Amino acid sequence: MSATNSTIALSLSTRITLAFLMGLLAFAIMLGNAIVILAFVVDKNLRHRSNYFFLNLAIADFFVDLASEN
(Lines give C-alpha, C1' and ligand atoms only; values in the text may rest on other atoms or scores of the structure.)
Protein backbone atom coordinates (compact mmCIF):
# COMPACT_ATOMS: atom_id res chain seq x y z
CA MET A 1 0.00 0.00 0.00
CA SER A 2 1.38 3.33 -0.95
CA ALA A 3 0.44 6.23 1.28
CA THR A 4 0.11 9.40 -0.74
CA ASN A 5 -1.23 12.73 0.31
CA SER A 6 -3.69 14.19 -2.11
CA THR A 7 -4.55 17.85 -2.20
CA ILE A 8 -7.74 19.33 -3.53
CA ALA A 9 -7.52 22.56 -5.45
CA LEU A 10 -10.10 24.96 -4.02
CA SER A 11 -11.13 28.21 -5.59
CA LEU A 12 -10.30 31.47 -3.88
CA SER A 13 -13.92 32.15 -2.91
CA THR A 14 -14.19 28.69 -1.30
CA ARG A 15 -10.99 29.26 0.67
CA ILE A 16 -12.20 32.66 1.87
CA THR A 17 -15.57 31.20 2.89
CA LEU A 18 -13.94 28.34 4.78
CA ALA A 19 -11.52 30.70 6.53
CA PHE A 20 -14.41 32.95 7.56
CA LEU A 21 -16.43 30.01 8.90
CA MET A 22 -13.46 28.63 10.84
CA GLY A 23 -12.80 32.05 12.34
CA LEU A 24 -16.46 32.40 13.26
CA LEU A 25 -16.42 28.99 14.93
CA ALA A 26 -13.26 29.84 16.89
CA PHE A 27 -14.84 33.10 18.03
CA ALA A 28 -18.04 31.33 19.12
CA ILE A 29 -16.04 28.78 21.11
CA MET A 30 -14.02 31.50 22.82
CA LEU A 31 -17.16 33.47 23.61
CA GLY A 32 -18.87 30.40 25.08
CA ASN A 33 -15.87 29.60 27.26
CA ALA A 34 -15.67 33.22 28.43
CA ILE A 35 -19.36 33.14 29.38
CA VAL A 36 -18.86 29.94 31.41
CA ILE A 37 -15.88 31.45 33.23
CA LEU A 38 -17.74 34.71 33.85
CA ALA A 39 -20.83 32.91 35.15
CA PHE A 40 -18.68 30.92 37.54
CA VAL A 41 -17.00 34.07 38.86
CA VAL A 42 -20.19 36.12 39.18
CA ASP A 43 -22.66 33.54 40.52
CA LYS A 44 -21.61 32.16 43.89
CA ASN A 45 -24.25 29.40 43.68
CA LEU A 46 -22.26 27.73 40.88
CA ARG A 47 -19.26 27.14 43.13
CA HIS A 48 -19.82 23.48 43.88
CA ARG A 49 -17.33 20.69 43.62
CA SER A 50 -19.07 19.19 40.58
CA ASN A 51 -18.95 22.50 38.69
CA TYR A 52 -15.20 22.95 39.06
CA PHE A 53 -14.79 20.34 36.32
CA PHE A 54 -16.71 22.56 33.88
CA LEU A 55 -14.69 25.61 34.90
CA ASN A 56 -11.44 23.72 34.40
CA LEU A 57 -12.62 22.46 31.01
CA ALA A 58 -13.64 25.97 29.90
CA ILE A 59 -10.29 27.46 30.99
CA ALA A 60 -8.28 24.73 29.26
CA ASP A 61 -10.33 25.00 26.08
CA PHE A 62 -10.00 28.80 26.15
CA PHE A 63 -6.20 28.59 26.28
CA VAL A 64 -6.05 25.87 23.61
CA ASP A 65 -8.13 28.09 21.35
CA LEU A 66 -5.85 31.04 22.05
CA ALA A 67 -2.79 28.94 21.22
CA SER A 68 -4.30 27.62 18.01
CA GLU A 69 -5.01 31.12 16.68
CA ASN A 70 -1.34 32.08 16.73
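**Exercise 1. Classify Phe53 as buried or exposed.**

*Solution.* Phe53 has a relative accessibility of 53% and therefore counts as exposed. The classes are buried (under 20% relative accessible area), exposed (over 50%) and partly exposed (in between), with a 1.4 Å probe and protein chains only. The structure is a predicted model, in which local features need pLDDT of at least 70, side-chain atom pairs count only at pLDDT 80 or more, and totals for chains, interfaces and linings use all residues. Residues are numbered from 1 along each chain as its sequence is written, and side-chain values use heavy atoms, with hydrogens and water left out.

**Exercise 2. State how many aromatic pairs the structure holds, and determine the geometry of Phe40 with Tyr52.**

*Solution.* 
1. Rings of Phe, Tyr and Trp (its six-membered ring) pair if their centres lie within 6.5 Å; planes under 30 degrees apart are stacked, over 60 edge-to-face, and the rest tilted.
2. Searching the whole structure gives three aromatic pairs.
3. For Phe40 and Tyr52, the ring centres are 5.1 Å apart and the planes meet at 70°, so this pair is edge-to-face.
4. Phe40 belongs to helix 1 and Tyr52 to helix 2 (residues 52-69), so the pair ties together parts 12 residues apart in sequence. Helices are DSSP runs (H or I, at least four residues), numbered from the N terminus.
5. Phe40 is buried, at a relative accessible area of 9%, whereas Tyr52 is partly exposed at 43%.
6. Phe53 and Phe54 also form an edge-to-face pair, with 5.7 Å from centre to centre and 70° between the planes.

**Exercise 3. Compare the span of helix 1 with its expected value, and list its buried residues.**

*Solution.* 
1. Helix 1 has 31 residues, and its first and last C-alpha atoms are 44 Å apart.
2. The buried residues of helix 1 are Ala26, Met30, Asn33 and Phe40.
3. An α-helix has 3.6 residues a turn, so residues three or four places apart point the same way.

**Exercise 4. Identify which residues Asn33 contacts beyond its neighbours within four places in sequence.**

*Solution.* 
1. Asn33 lies in helix 1 and is buried, with a relative accessible area of 9%.
2. With contact taken as heavy atoms within 4.5 Å, and neighbours within four places left aside, Asn33 touches Ala58, Asp61 and Phe62.
3. Leu57 is placed in helix 2 and is partly exposed at 49%.
4. The C-alpha atoms of Leu57 and Asn33 are separated by 8.7 Å, although these residues are 24 residues apart along the chain.

Notes:
Helix = DSSP H or I, 4+ residues; strand = E, 2+ residues; numbered from the N terminus. Expected span 1.5 Å × (residues − 1).
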